Amino acid sequence: MFCNFYQDRKVFVTGHTGFKGSWLCEWLLHLGAHPVGYSLQPKTKPALFEQLGLARRMDHNIYDIRDPGVLQACVEACQPDIVFHLAAQPLVRRSYADPVHTYETNVMGTINLLEAVKHLKKPCAVVVITTDKCYENHEWIWGYRENDALGGHDPYSASKACSELVVQSYRKSFFGISAKKNIALASARAGNVIGGGDWAEDRIVPDCIRALLSKNSITVRNPNATRPWQHVLEPLSGYLRLGQLLYPDQGVASGELCSAFNFGPNVESNQTVGALVDAMLGHWPGDWKDQSDPNAPHEAGLLNLNIDKAWNDLKWRPVWEFSTTVKETMQWYREITESGHKPECISEFTRKQIAYYCENARQKNLAWAVQYR
């Protein structure tokens, strides 16, 4: 996979204790990479990072992305080939409750990371992960493209738009043609990610799982909101593909790839929250009730992504359809529940799911999954 690019590479991952970060580090280990993590302690109980036993299998560092001195020292010690910046305050509703922390983490955290990378004297590819919510949302039916206007109603979305502007500025000011040519910088904007091992508060899939485990009705606050649902492995394959091609020795003109990329699902996966919950209940019997609150903080009602650029420039496209995404997500939770949450069972099934996803990608002849660039 990825032309064996990640074999023996040092990969610096911020936010490695989170949901997406844990899946990414598990995959990197499978690829033969040497991931070095930088993050706060896992925020949930249980936490996928701990369920996978990643602390004993990788270089694991617990620090705050808002501490520039410690961050720079860790980057300098790592001397990474690739950086994936995932550390963030990722929840919309929490951003209303604590906007200062959200901006400090999501904006200044990105600045601190890029300042640390500036001091590297070796080639390095940097992928900053933001979100599809960084766009100025007009609630229109067609997908947002990478050159559409940035914006954000809630503090979380606005902070991610700010992060994108920071990336643009640093790319032009410090990592561009007239500056450090050994650092290649891009950003990645993913749609709504679901998958096994997400235990976060205020997110629809873990909320559903908690209700199902306790045999309660699922409460849904925005059943008619439409989102581009995708399995967590989908954007991760995009991030890994982008990191591979972005690296300065890969023979690709950096100007073509040092930019923003959307990673989203096929159009049919743009489904309402209610449709997602119904699909989940097809694999785990239960019921749900509408608990919409007209006085709740604003959240986007309609959001789609255009992924043409990722296909044209990276030869990347999604592997799983909506039904498979839901099935594989629910199967993960069912498997680990039936196993009694045994760590060895969780690790084994997670690795099997990665292998199954990669095999499906090979069957589709996707460039990252077969032996050509």
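1. Secondary structure and overall shape. The chain has 13 helices and 13 strands. Helices (H or I, at least four residues) and strands (E, at least two) are DSSP runs, numbered from the N terminus. The radius of gyration is 19 Å, close to the 21 Å of the globule rule for 373 residues, so the chain is as compact as a globular protein of that length. That radius is taken over C-alpha atoms, and the rule is 2.2 Å times the number of residues to the power 0.38. The C-alpha trace spans about 60 × 45 × 40 Å along its principal axes.

2. Basis. This is a predicted model: local features need pLDDT of at least 70, side-chain atom pairs count only at pLDDT 80 or more, and totals for chains, interfaces and linings use all residues. Residues are numbered from 1 along each chain as its sequence is written, and side-chain values use heavy atoms, with hydrogens and water left out.

3. Of the 373 residues, 57% are buried. Buried means under 20% relative accessible area, exposed over 50%, and partly exposed in between (1.4 Å probe, protein chains only). Among contacts (heavy atoms within 4.5 Å) with a separation of 6 or more, 81% join residues 24 or more positions apart.

4. Cores. The largest nonpolar core has 82 residues. Such a core is a set of buried Ala, Val, Leu, Ile, Met, Phe, Trp, Tyr and Cys residues joined through side-chain atoms within 4.5 Å. Helix 8 (residues 233-246) gives the most to this core, with 7 residues. Tyr-6, Trp-27, Phe-84 and Trp-368 have the most contacts inside it. Trp-27 touches Trp-368, and its other partners include Leu-233, Leu-236 and Leu-240. A second, separate core of 26 residues includes Tyr-38, Leu-113, Cys-124 and Val-166.

5. Thr-110. This residue lies in helix 5 (residues 99-118). Thr-110 counts as buried because its relative accessibility is 2%. Its side chain makes a polar contact of 3.0 Å with that of Ser-163. The term means a pair of N or O atoms within 3.5 Å; within protein, one must be able to donate a hydrogen and the other to accept it, and residues adjacent in sequence count only if both atoms are side-chain atoms. Thr-110 also touches residues including His-85, Val-128 and Val-166.

6. Helix 7. In helix 7 (residues 204-213), 7 of the 10 residues are buried. Among them are Ile-204, Cys-208 and Leu-212. The cover includes strand 7 (193-194), strand 8 (218-220), helix 10 (273-281) and helix 12 (322-338). Just after helix 7, Lys-215 takes a positive phi of about 60°.

Conventions. Lists of a residue's contacts leave out its neighbours within four places in sequence.
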